[in-house]
Amino acid sequence: MVDMRRALSLIVAAVIATAAFGQTVLDGAYIREHAATRRTVPYVHLREGDVQWHRRVWRTIDLRQMLNLALYYPTVPTNGRKSLFDAIMGAVRDGGVNVYHPGVLLQDDDFRRVMTTDERTNLLERSDTIQTASLENPDSSISVVTTTSLTSDQVTRYRLKEDWHFDKQRGKVDIRIIGLAPMREVRSESGEILGHAPLFWLYYPELRYYLANQEVFTSGNEAQRITFEQVFTKRRFASTIDKVTNVHDRGSAAYLSGMDALLAGERIKHDLFAYEHDLWKW
């Protein structure tokens, strides 16, 4: 009996010690501190007089593509890693970046109106009223309010707004991402996907300071992990160009569909790269 009590005492002591000192356990062989302290590389100063050529481009990143899976997973933060959407929401909750309204038609990307706290809450947490049978009287129904929060797995695409320009001072074509918008699926009442709509727009030069401290999974060697900011800077993502500045101010989806829209995006991509190549052509 004495041995049993002693064993129980040791078990209780071990549980208390684990609870008290569990926060000091290092889950790994070393402390990962490079990403947490990483600083962004400042943009090169650009004068209008040095811009010889400029095009504005809109592109869509589909997270279902294999090259983009690291932006989508994990859908739940784990082992110090987050999805791109969770990293963005962390920056939004900290109040370090402004969230811009996409407009009534969800086509406004000019960063003209900052969303209020209530607008962000209504966007990320939807309340629905459903009728359910009463437990006290099964023949009658009562109204129950349910709240559904937007989760990372529901954001399956991103839209980028970027500027391509030739800097004659440095003699190269440079790409600057101007804005980024998470997009979620729009479904009908039957569950059919009708398309994708932007939730909000973020000014990327503000957001990049937060993305520079969030690691992205790298296959092969986990000691060489990069950050979300490096993914965009080094163009390590797959995307499709769906709009370039034009007289009608319309994207390819307005007059093309399916394979024709994809081929139009590839032609635009080819023309953009061909411009820089032709500059040095003898």
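Colleague: Does Lys 161 count as buried or exposed?
Modeller: This is a predicted model, in which local features need pLDDT of at least 70 and side-chain atom pairs count only at pLDDT 80 or more, while totals for chains, interfaces and linings use all residues. Residues are numbered from 1 along each chain as its sequence is written, and side-chain values use heavy atoms, with hydrogens and water left out. The classes, computed with a 1.4 Å probe on protein chains only, are buried under 20% relative accessible area, exposed over 50% and partly exposed in between. At 3% relative accessibility, Lys 161 therefore counts as buried.

Colleague: Which residue meets the side chain of Lys 161 in a salt bridge?
Modeller: A salt bridge here is a side-chain nitrogen of Lys or Arg within 4 Å of a carboxyl oxygen of Asp or Glu. For Lys 161, the N to O distance is 3.9 Å, and the partner is Asp 110.

Colleague: How many residues apart in sequence are the parts that this pair ties together?
Modeller: Helices (H or I, at least four residues) and strands (E, at least two) are DSSP runs, numbered from the N terminus. Lys 161 lies in strand β5 (residues 155-167), and Asp 110 in the loop between β2 (99-100) and α4 (117-124). The pair therefore ties together parts whose separation in residues is 51.

Colleague: In the salt bridge of Arg 112 and Asp 108, which residue counts as buried?
Modeller: The two side chains meet at 3.1 Å, N to O. Arg 112 has 63% relative accessibility and counts as exposed. At 17%, the residue that counts as buried is Asp 108.

Colleague: Which helix holds the salt-bridge partner of Arg 208?
Modeller: The side chain of Arg 208 meets that of Glu 229 in a salt bridge of 3.1 Å, N to O. The pair links distant parts of the chain, 21 residues apart, with Arg 208 in helix α5 (residues 204-211) and Glu 229 in helix α6 (residues 228-233). Both residues are buried. The helix of Glu 229 is α6.

Colleague: How many salt bridges does a search of the whole structure find?
Modeller: Some are joined in a network, which links Asp 167, Arg 170, Asp 174 and Arg 176. For the whole structure, the number found is 18.

Colleague: Why is helix α3 largely enclosed by the rest of the structure, and which residue follows it?
Modeller: Helix α3 (residues 84-94) is largely enclosed because eight of its 11 residues are buried. Among them are Leu 84, Phe 85, Ile 88 and Met 89. The residue after α3 has a positive phi, near 80 degrees, and is Gly 95.
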